[in-house]
Amino acid sequence: MIPLKDDNPTSTFPYVTVALIALNTMVFIYQSSLGQGMLGPIKLGQVKLDLFILKAGAIPYEITRLRDIIPENFLPPPLSLFTAMFVHGGFMHLGGNMLYLWIFGDNIEDRLGHLKFLIFYLSTGVVASLTHVVIHPDSAIPMIGASGAVAGILGAYFLLFPRAHVKTLIIVFFFIRVVSIPAVIFLGIWFAFQVLSTAAGGGIAWYAHIGGFVAGTAVVWSAVGGGKGRKRGRRGR
């Protein structure tokens, strides 16, 4: 399922959402401009990783022991929980995260306000990363990407706008169709997929997605008094 747009209009311009998309894109362009020659790659076990990713990614082993593996970094390991949110492994990785951020982030920013939304985004992103760190404390593989923070936004949207509709592209073999799906169903399926995928692994930090989603839901649940004040998604966007 690929979300295309929702039908949930906003009353304010999503300055922070746009700025986050721009910042992630600029970091990716900078990362891509470095080239393999300047980056490495460095071989970590059987995995080859760019030096930039090793420096900016959140490595559970470093965070739990508060010391760097080779190469040494100029930042204390805990700060990588923030820098990792703005680094991506490829164009599809970046594009997928930014698509979800654009579709769902503006409504949460509209509801929370610009500053609170930024704090919410960064906080749920850190919680998401820490969830992965707790599950895999000895991992030396860097975790990167905005998906944990974006998962926090999805959790907030799930609670605040369950009756909004998401125009979704569904591709199953030769079956291709655009359908409108209630947000509660779309995001419920998304979350269920993350949970079921934990058994598969595959180099994706599934537990970070789960942790971010739960954190986003919990924060909003607390902020709106146990779910009171939820808004119905309105058509017209």
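Helix α6 (residues 114-135) packs against helix α9 (residues 206-223) with the two axes 7 Å apart and at an angle of about 135 degrees, where axes are lines fitted to C-alpha atoms, for helices over the stretch in contact, and angles run from 0 to 180 degrees between N-to-C directions. That angle makes α6 oblique to α9, given that angles under 35 degrees count as roughly parallel, over 145 as roughly antiparallel, 65 to 115 as roughly perpendicular and the rest as oblique. The crossing of α6 past α9 is right-handed; a crossing is called right-handed if the near helix is turned clockwise from the far one by less than a right angle, and left-handed if anticlockwise. From α6, the contact is made by F120, T124, V127, A128, T131, H132 and I135, and from α9 by Y207, A208, G211, G212, A215, G216, V219 and V220, contact meaning heavy atoms within 4.5 Å. The residues of this contact of α6 with α9 divide into nine nonpolar, six polar and no charged, with Ala, Val, Leu, Ile, Met, Phe, Trp, Tyr, Cys and Pro counted as nonpolar, Asp, Glu, Lys and Arg as charged, and the others, Gly among them, as polar.

The structure is a predicted model, in which local features need pLDDT of at least 70 and side-chain atom pairs count only at pLDDT 80 or more, whereas totals for chains, interfaces and linings use all residues. Residues are numbered from 1 along each chain as its sequence is written, and side-chain values use heavy atoms, with hydrogens and water left out.

The secondary structure of the chain comes to nine helices and five strands, helices (H or I, at least four residues) and strands (E, at least two) being DSSP runs numbered from the N terminus. From the N terminus on, these elements follow the order β-α-β-β-α-α-α-α-α-α-β-β-α-α. Of the 237 residues of the chain, 44% count as buried, where buried means under 20% relative accessible area, exposed over 50%, and partly exposed in between (1.4 Å probe, protein chains only). Among the contacts in the chain with a separation of 6 or more, 73% are accounted for by residues 24 or more positions apart.

Three strands form an open sheet in the order β1-β4-β5, with antiparallel pairing; two strands are taken to pair if DSSP finds at least two bridges between them. The edge strands, each of which pairs on one side only, are β1 (2-6) and β5 (175-182), and the twist averages 25 degrees from one strand to the next. Strand β4 (residues 165-172) is joined to the antiparallel β5 by eight bridges, and in this pairing L169 stands opposite V178, while I170 stands opposite R177. Helix α5 (residues 91-112) packs on the sheet, where it touches β1 and β4, and its direction makes about 30 degrees with that of β1. Helix α8 (residues 183-197) also packs on the sheet, touching β1, β4 and β5, with a direction that makes about 115 degrees with that of β5. Four bridges join β1 to β4, which likewise run antiparallel, and the bridge partner of D6 in β4 is V166. In the hairpin of β4 and β5, which has two residues between the strands, F173 takes a positive phi near 55 degrees.

L118 is found in helix α6 and counts as partly exposed at 30% relative accessibility. Neighbours within four places in sequence aside, L118 is in contact with V16 and L20; the C-alpha atoms of L118 and V16 are separated by 6.7 Å, although the two residues are 102 residues apart along the chain. S129, also placed in helix α6, counts as buried at 9% relative accessibility, and, with its neighbours within four places in sequence left aside, S129 is in contact with L81 and M143. R65 is found in helix α3 (residues 60-65) and is partly exposed, with a relative accessible area of 34%. Under the same exclusion of neighbours within four places in sequence, R65 is in contact with P137 and D138. R65 and P78 are 13 residues apart in sequence and, C-alpha to C-alpha, 10.0 Å apart in space.
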